[in-house]
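Student: I would like to go through this structure step by step. Could we begin with the ligand and then turn to the pockets and the backbone?

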Amino acid sequence: MLAGKRIVLGVTGGIAAYKSVELCRRLIDAGAHVVPVMTAGAERFLGTTTLSALASEPVRTRLWDDPETPIPHTKLGQNADLVLVAPATARIIGAYAAGLSTDLLTNVLLATRAPVVVCPAMHTEMWEHPAVVDNVATLRARGVHVVDPESGRLAGGDVGAGRLASPESIVAAVEAVLAPGDLTGQRVVVSAGGTREPIDAVRVLANRSSGKQGYALAAEAAARGAAVTLVSTVDLPTPGGVELVPVETADEMKSAMDRLAPTADVVVMAAAVADFRPADPSDGKLKKRDGVPVISLEPTPDILAGLGAAKPDGQVLVGFAAETDDLAANAAEKLDAKRLDLIVANDVSAPETGFAHDTNAVTILAPDSPACTVPLADKRTIAAAVFDRVVQIRSGG
Ligand code: C5P
C-alpha cells in the first residue's frame, strides 16, 4: 500500500516512456501522491499533457522556470518518500552513476536521501554494453534498487533483453522498498479463486469467486518481504515477485496445498473451494438428445481442515468464511473445528462486499481474542489488516 507516499516519477527519453502513463495510474490507484518529472527526451516521446492530467501534480520539466520555487530540485528531492525512474535510459543511468547534474531529474536524484528505484529500458546492445553494466553495478553498490528489464519485443521489431519491467513488477518493487518488511524471510502460501469441478468434457460446476481478495493477499505479503506462492484457479495478472501454481479442481488445489503447506510459515486459504462435485463426470460431452441428465454430487475434501490437522508448530493458518447469515457465530465454529489461528469472515450478501467486488468488509476472529472488524475498504487494505494480525500472532501477540 502506498497511501500518502510521495513519489517522484522520473520519465526519461525512451520508447517505453509511454508505459509511464500506466505506471502512474497504478501508483495513484495504490494511494500514492505522484509528482512527475520528465527529461527533454521524454517530452519529445510523450509530451506532458497525459501525465499532467493523471498525476497528482503537473509534470515538471525545467530546472529554471518553476513558478513555485527557484530551486525545484531540492524541494522535490527532499520531500520525496521515493524517487522512481521508469523508464531509465543509458544516459540517465550514466549521469546518475557519475554524479552529473545536467537537468531537473539528475538534480533531483542527487538532491534526495529517499530510496531510489531505477527501471532500465533500452536495446539489448546498450543494456549489455560494459559501460552500462558498470554504471548499473555502481548504482546497485550505492543502494539504488534496480528493477531489471525483461526479455521480449523491443522497438523496431528486435527481440532481446532490455524491455521495461512490467507495471506489476515495478509497483511491487516500489511497495517492497516502502513496506515495513515485517514478513521478510517468511514463506507464505495463499490460495485464490473458485474451484471448477467437471460435469463432462466441456461443462463445470463453478462459483462466483473472482480471486481478487486472494491476489491482494499475495501482493501484500510479497510487498512485506515474504516469499509468496499463490495457488490459483483464475487468470489475473500475477503480482510481482509471486510464484504462481495454477490449479482448477478441489483435488488439484488440495495436492498443491498439501505439498506447499508443510514448509510454510503462513498459509491463507482464501479460495472458494467447491463443497460438492459431480460424483461421476463424463469423459465426453453429455448430449442434448439424451435428455436432461441427473448429476449426482459427492463431497470434496476439506482442504483447510486437513491443513489444520497437520499444522506444523509455529505456522499461522488463516481461513476465510463467506457467509450470508450469522456471520460471527458460523465463523467462530469454523475457527475451532478446522484448528485455525485466524478466520476472516465476510457477508457475501452485503452490497459491495465479497465475490467480484473490488471492495470488502470483514470481521477477523482469532481464538481467545476479541473480534476485529475492518469496515468497507479495497481488498488490498483488507489484506493489510489480515497480515497485521498474522505478524502480531507470529511475534507472540
Ligand atoms: O466450511 P467452509 O467451506 O465455509 O469454510 C471456508 C474455508 O474453508 C475457506 O478458507 C475455504 O478456502 C476452505 N475450504 C477448503 N476446502 C473445502 C471447502 C472450504 O479448504 N472443501
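**The ligand and its surroundings**

Tutor: In this predicted model, a backbone N or O atom of Pro301 lies 2.9 Å from a nitrogen atom of the ligand.

Student: What lies 2.8 Å from an oxygen atom of the ligand?

Tutor: That is a backbone N or O atom of Leu304.

Student: And which residue has a polar side-chain atom 2.4 Å from an oxygen atom of the ligand?

Tutor: Lys334 has a polar side-chain atom at that distance of 2.4 Å.

Student: How much of the ligand's accessible area does the protein cover?

Tutor: On its own the ligand has 450 Å² of accessible area, and the protein covers 87% of this.

Student: Which residues around the ligand come nearest?

Tutor: There are 14 residues around the ligand, and those that come nearest are Met269, Ala271, Leu304, Phe320 and Lys334. By class, this shell consists of 8 nonpolar, 2 polar and 4 charged residues.

Student: Where does the ligand sit among the pockets?

Tutor: The ligand takes up the space of the second largest pocket.

Student: Then what is the volume of the largest pocket?

Tutor: The largest pocket holds about 950 Å³ of space. Its lining is made up of 28 residues, and Arg26, Tyr215, Ala216, Ala219 and Arg380 are the ones that lie nearest the centre.

Student: Which helices supply at least two residues of that lining?

Tutor: They are helix 1 (19–29), helix 9 (167–178), helix 10 (212–223) and helix 14 (379–394). Helix 10 gives the largest share, 6 residues.

Student: How does the lining of the largest pocket divide by class?

Tutor: The division is 14 nonpolar, 3 polar and 11 charged residues.

Student: Let us change topic to the backbone. Which residues does a cis peptide bond join?

Tutor: The cis peptide bond joins Ala86 and Pro87, with omega at about -5°. Pro87 is placed in strand 3 (residues 82–88).

Student: Which residue other than glycine has a positive phi?

Tutor: Asp326 has a positive phi, near 45°. Asp326 is found in the loop between strand 16 and helix 13 (327–337).

Student: Why do you point these out?

Tutor: Most peptide bonds are trans, and most residues other than glycine have a negative phi.

Terms used:
Residues are numbered from 1 along each chain as its sequence is written. This is a predicted model: local features need pLDDT of at least 70, side-chain atom pairs count only at pLDDT 80 or more; totals for chains, interfaces and linings use all residues. Side-chain values use heavy atoms; hydrogens and water are left out. A residue is near a molecule or strand if one of its heavy atoms lies within 4 Å of it. A polar contact is a pair of N or O atoms within 3.5 Å; within protein, one must be able to donate a hydrogen and the other to accept it, and residues adjacent in sequence count only if both atoms are side-chain atoms. Accessible areas come from the Shrake-Rupley method with a 1.4 Å probe; for residues, only the protein chains shown count as cover. On a 1 Å grid over the protein atoms alone, a cavity is a set of points where a 1.4 Å probe fits but cannot get out, and a pocket is an open set with protein on both sides within 12 Å along at least five of seven lines; lining residues have an atom within 4 Å of a point. A molecule sits in a cavity or pocket if more than half of its atoms lie within 2 Å of its grid points. Ala, Val, Leu, Ile, Met, Phe, Trp, Tyr, Cys and Pro count as nonpolar, Asp, Glu, Lys and Arg as charged, and the others, Gly among them, as polar. Grid points are joined across faces, edges and corners, and a volume is the space filled by probe spheres set on the points. Helices (H or I, at least four residues) and strands (E, at least two) are DSSP runs, numbered from the N terminus.
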